[in-house]
Amino acid sequence: MARVTELLVNGVRRRIDADSDRSLLSVLRDDLDLTGTKFGCGEGQCAACTVLVDGVATKSCLAKVGAVAGKKIVTIEGLAPANGLHPVQQAFLDADALQCGYCTPGMIMGAVSLLARNPNPSESDITSGLNGHICRCGTYPRVVHAIRMAAQKGGKA
Ligand code: FES
Ligand code: FES
């Protein structure tokens, strides 16, 4: 089995030693202690595990480390600048767009990817763009509101 010995995560080259067919989610959480990325279903059905790979929202439970080696991976821990929060994180707080918060990191990463593609999404664009992100607490209306707020403030910053 091929091994992967390095990943570029949040702008830092991280040494690992993992089978290439391990999930990115497993390596992030168990090897690199980046537990902001959540394990929900483990089979591509909830999007709680969403991270950015070369800027694209990616379900890390399905992505194999062998397929993302050499690509730029960003997790929720790497989103905020040193001096504050990313505009999408701030908008989620301002809109109170979370309850238990378990889906929130994945929602935020999905929103960042959406705003990079479409800086001024309609409500319908947001609903379809985040299709597949499951929130058991039912915060969907506030998530949509948060993303609209972030867009108005230039959320892809
Ligand atoms: S944990 Fe990856 S989609 Fe549910
Ligand atoms: S805030 Fe609880 S699952 Fe979404």
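**Notebook: one predicted chain**

I started with overall size. A compact globule of 157 residues would have a radius of gyration near 15 Å, and the protein chain has 15 Å, so the two agree. I note that this is a predicted model. Next I looked up the box around the C-alpha atoms. Along the principal axes, they fill roughly 45 × 30 × 25 Å.

**Elements**

I looked up the secondary structure. The protein chain has six helices and five strands. I then read the order from the N terminus: β-β-α-β-β-α-β-α-α-α-α.

I turned to strand β3, residues 50–53, and strand β4, residues 56–59. They pair in the antiparallel sense, over four bridges. I checked one bridge by name: Val53 has Val56 of β4 as its partner. The two strands form a hairpin, with two residues between them. In the turn, I found that Asp54 has a positive phi of about 50 degrees.

**Helices α3 and α4**

My last stop was a helix pair. Helix α3 covers residues 87–94 and helix α4 covers residues 104–117. Their axes come within 9 Å and cross at roughly 125 degrees. Therefore α3 is oblique to α4. I also looked up the handedness: α3 passes α4 in a right-handed crossing.

Which residues make the contact? From α3, I listed Val88, Gln89 and Phe92. From α4, I listed Thr104, Met107, Ile108, Ala111, Val112 and Leu115. I sorted the residues of this contact of α3 with α4 by type. Seven are nonpolar, two are polar and none is charged.

Terms used: Residues numbered from 1 in each chain as written. Chains lettered and ligands numbered in written order. Predicted model: local features only at pLDDT ≥ 70, side-chain atom pairs only at ≥ 80, totals over all residues. Heavy atoms only, no water. Axes fitted to C-alpha atoms, helices over the stretch in contact; angles between N-to-C directions. Parallel < 35°, antiparallel > 145°, perpendicular 65-115°, else oblique. Left-handed = near helix turned anticlockwise from the far one by under 90°. Contact = heavy atoms within 4.5 Å. Nonpolar A, V, L, I, M, F, W, Y, C, P; charged D, E, K, R; others polar. Pairing = 2+ DSSP bridges. Rg over C-alpha atoms; globule rule 2.2 N^0.38 Å.
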